[in-house]
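Subject: Structure for you to look at

Hello,

Here is the structure I said I would pass on. Please open it first, then read the notes below it.

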Amino acid sequence: MKVFVYDKTLEGLLTAVFDAYYRKTFPDVLVGEGEPLPLFHEEVFTVITEEKKSNRVWKGLEKKLSKIALSGIMVGWLSELPGIDMLLFRYIRKNLDAKGSVEMNFGDPDILELSKIWKKVGQEKERLKQFTRFQKAADGTFFAAMEPLYNVLPLAIDFFADRFADQKWLLYDLKREYGYYYDMHEVIEVRFDKKENHLFSGILHEDIMDKDEKLFQKMWKQYFQSITIKERLNPKLQRQHMPVRFWKYLTEKQI
Amino acid sequence: MDESALEKLKILAESARYDVSCASSGTSRSNKKGTIGSASGWGICHSFSEDGRCISLLKVMLTNYCMYDCAYCINRRSNDIRRATLSVSELVNITIEFYRRNYIEGLFLSSGVVRSPDYTMERLVRIIKDLRQVHRFNGYIHMKSIPGASQELVQEAGLYADRLSVNIEIPNEQSLQLLAPEKDFQSVFAPMRYIQQGVLQSAEDRKKYRYAPRFAPAGQSTQMIVGATPDTDKDILQVTSALYRRPTMKRVYYSGFVPVNGYDTRLPALKQPPLVRENRLYQADWLLRFYQFKVEEIVDDAYPDLDLEIDPKLAWALRHPEAFPVDVNRADYEMLLRVPGIGVKSAKLIVVSRRHGRLGSEQLKKIGIVMKKAQYFITCNELSMQTIQELKPENVRRILTKKTGRRVDDRQLILDFREERDT
C-alpha cells in the first residue's frame with residue numbers, strides 16, 4: 001500500500017497530484033501530517049506543498065475541465081467529508097488521463113459520487129441563505145450565527161454581501177469558529193481570540209440589542225404563528241423542509 | 001412602531017394566509033448602490049410554518065375590511081371577525097425591518113376591497129411605489145391585482161411589482177356566480193389581460209430602448225380553490241392548460257378548500273381539506289409544465305378525475321402499456337420523461353451519461369431513478385425483468401399500491417355515514 005503524507009490543504013493535495021505524476025507512483029491512501037499511518041504500508045512519501053506545483057496542476061485542470069467542474073473541486077474540498085481528498089485525487093487523475101472530457105460520465109462511481117457531494121454542499125449553502133437570521137445589535141451591526149454541516153460560508157458570502165450591502169453584518173460559523181464581517185465596503189474574514197457569550201450561543205444578549213430588536217422579533221414570531229392554517233397542520237413536512245438542527249438559531253422557533 | 005402594529009399584523013396575516021402563492025422566483029436583480037436588497041432568480045424559502053408551507057414573502061393584507069360577500073372567503077362582509085388596517089408607514093417599516101434580518105424575500109400584498117376596486121387598488125399601488133421609490137427597496141414584491149380594477153392602475157402596479165396576480169378561485173363561471181354573486185369572470189380575466197399586455201408591451205419596448213421600464217418581470221400567477229364546487233379535475237386542468245398557453249402565466253396554484261364559513265350551505269361540509277386531491281393536481285400541473293404532457297392525456301371524459309391512489313404519470317403509463325418498456329439506453333428524452341420513476345433531472349443525467357457507455361440498473365439506481373416504480377417500465381443493459389408487458393397493468397398497479405404499515409391516510413376525506421344513521 002502506497003501512502004502519501006500531506007498537510008491537509010487543497011494546495012497540498014494538488015502538489016500531491018503533481019508529485020505522483022512526476023514519480024509515476026500513485027497513492028492508495030492520503031494521510032494528514034501527524035495522523036497515524038495505516039497498518040500495512042510499503043512506501044511512505046511526504047508531500048511538501050509548493051505553490052508552483054499546485055498551480056501547474058490547476059492550470060492543467062483548467063484546460064481539461066469546465067468552469068463548473070473546476071469550481072466543483074473547491075466545493076468538494078469544502079465539504080470536509082472524510083475521504084474527500086482521495087476521491088478528489090482519483091477525480092483529478094481520471095480527468096487528466098482521459099482523452100476527451102469525462103466530467104459528465106455519471107456512470108463512473110467517482111464522478112457520480114463527487115456530483116452527489118456537490119449537491120449536498122450546494123444544498124447546505126442554500127440553507128444558509130434560507131435560515132440565517134440576523135439580530136440587530138445596539139451599534140447597528142446585524143449578527144447571525146450558524147453551524148453548517150459543511151464549510152459553506154465562503155460559498156454564500158457573495159450573496160450576503162450583495163443583498164445586505166447597506167448594513168453592517170457579521171456572519172459567524174460557531175462550529176469552525178470563524179466568520180465574515182462586512183463594514184459596508186468589503187467583507188473580511190474574522191476570528192476572535194476572546195469570545196463573548198454570543199459567539200458561543202449564537203444569540204445576542206438583550207443588553208447589547210438594538211432597542212427595536214425585541215419588537216421585530218416578537219412580530220416575526222407572531223407572524224409565523226398567524227400564517228399557519230390550523231386545519232392543515234403537517235409537522236412532518238415542516239421538519240422535512242426545515243430540519244430541526246436549524247431551529248436552535250431561528251428567531252421564530254425561540255420561546 | 002409599537003405594540004398596536006403587532007396586533008394588526010396578527011389579524012391581517014390570519015386573513016391573508018389562505019392565499020397559496022408564496023413564490024419569490026422569476027426575477028433576478030442584484031443590488032444597486034443606495035438600495036436595499038436583491039432578488040435571486042429561483043427564490044428562497046426562509047421558513048416553513050407548522051402546516052409545512054413555505055414562508056418566503058411577508059404575506060399580509062393592507063386591510064381585511066371587504067365589501068364583497070364571497071362564500072368561500074374568511075374576510076367576507078357578513079363574517080363577524082376582527083378587522084384592521086395597516087398604515088402605509090407601518091407596512092413599509094415591517095417589510096424592510098423583516099428583510100434586513102433575512103426573515104423574508106419581500107412582500108406579498110393583497111387587500112380586501114373597500115369602497116371600490118379602483119380605490120383599493122390605488123392604495124396598494126401607492127404602497128409598493130413608496131417601497132420602491134422612497135425606500136429604495138430592491139427585494140421581491142408580489143401584488144394581488146383587485147378584480148375589476150382599471151387598466152391604468154394595473155399598468156402602474158406593474159412598474160413596481162415583480163409579479164401580479166388575480167385569483168380565479170372558481171374554475172367555472174356558474175359556480176362563481178353562485179358563491180360570489182358580486183364577481184364574474186370578466187372582472188377576473190380583464191386584469192389578467194391588462195397584465196399580459198403590460199408585460200408584452202414592455203418586452204417590445206426593451207428591444208428598442210435598453211432602459212425602458214420593466215413590467216412585472218416575474219409574470220403573473222393565479223389560484224383556484226379545489227373542492228368547494230362540484231367541478232371535476234378535468235374542468236380545473238382545462239382552465240389551467242388554457243392559462244399556461246398565455247405567454248405571461250407562470251404558475252397556477254391550487255388551494256384545497258378549507259371550510260372557513262361552515263354555516264354557508266352553498267358549500268360542502270368537509271371534515272378535512274382535500275389535500276390528496278390538491279397534491280394530485282399539482283403533480284398534473286407539473287406534467288403540463290415540465291414533462292410535455294397535454295391536458296387530454298391526463299384527464300378526459302372517461303377519466304374526468306385524477307386517481308387519488310396513484311400519481312397522474314403512473315396512471316397515464318398504466319393506461320398506455322403499449323408505450324413500454326422503454327430502453328433507457330436508446331429512448332429519446334421525451335420518452336424517458338414519461339417513465340414513472342424518472343424525473344427531469346434523472347432523465348437529463350441518463351442522456352449525458354449513456355454517451356460514455358451502456359447504463360445498467362445499478363447505475364440507474366445511483367443516478368436517482370426510483371427503481372421500485374421504474375423497473376416495470378424500462379429495459380436497460382441487463383436482461384429485462386418482468387415488465388408491464390408480462391405482468392399486465394392491473395398487476396403492476398396492485399404491486400405499486402400495496403400498502404405498507406399505516407393503512408389509513410388521515411389527511412384524506414372520510415365521510416362518516418354511520419353517524420347520520422344514529423341520529
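Chain A has nine helices and eight strands; helices (H or I, at least four residues) and strands (E, at least two) are DSSP runs, numbered from the N terminus. The model is predicted, so local features need pLDDT of at least 70, side-chain atom pairs count only at pLDDT 80 or more, and totals for chains, interfaces and linings use all residues. Residues are numbered from 1 along each chain as its sequence is written, while chains are lettered from A and ligands numbered from 1 in the order in which they are written.

On confidence, the model scores ipTM 0.91 and pTM 0.88. Chain B averages a pLDDT of 89, and 96% of its residues score at least 70; pLDDT is the predictor's confidence in each residue, from 0 to 100.

Chain A spans about 65 × 45 × 40 Å along the principal axes of its C-alpha trace. Of its 255 residues, 33% count as buried (20 or more other C-beta atoms within 10 Å of a residue's own, with C-beta atoms placed from the backbone; exposed is 12 or fewer, and partly exposed is in between).

Chain A also holds an open sheet of three strands in the order β2-β1-β3, with parallel pairing; two strands pair if DSSP finds at least two bridges between them. β2 (29-32) and β3 (43-46) of chain A are at the edges with a single partner strand each, so one side of each has no neighbour in the sheet. Strand β1 (residues 2-6) of chain A is joined to β2(A) by four bridges, and A:V3 stands opposite A:V29 in β2(A).

How do the two chains meet? In the model, 40 residues of chain A are in contact with 44 residues of chain B, where contact means C-beta atoms, placed from the backbone, within 7 Å. On the side of chain A that touches chain B, α8(A) gives the largest share, nine residues.

The largest nonpolar core has 163 residues, and A:A16 and B:L109 are among those that touch the most other members. Such a core is a set of buried Ala, Val, Leu, Ile, Met, Phe, Trp, Tyr and Cys residues joined through C-beta atoms within 7 Å. Helix α3 (residues 117-134) of chain B gives the most to this core, six residues. Leaving aside neighbours within four places in sequence, A:A16 is in contact with A:F4, A:Y6, A:L30, A:V47 and A:F89.

Regards

Methods. Two residues are in contact if their C-beta atoms, placed from the backbone, lie within 7 Å.
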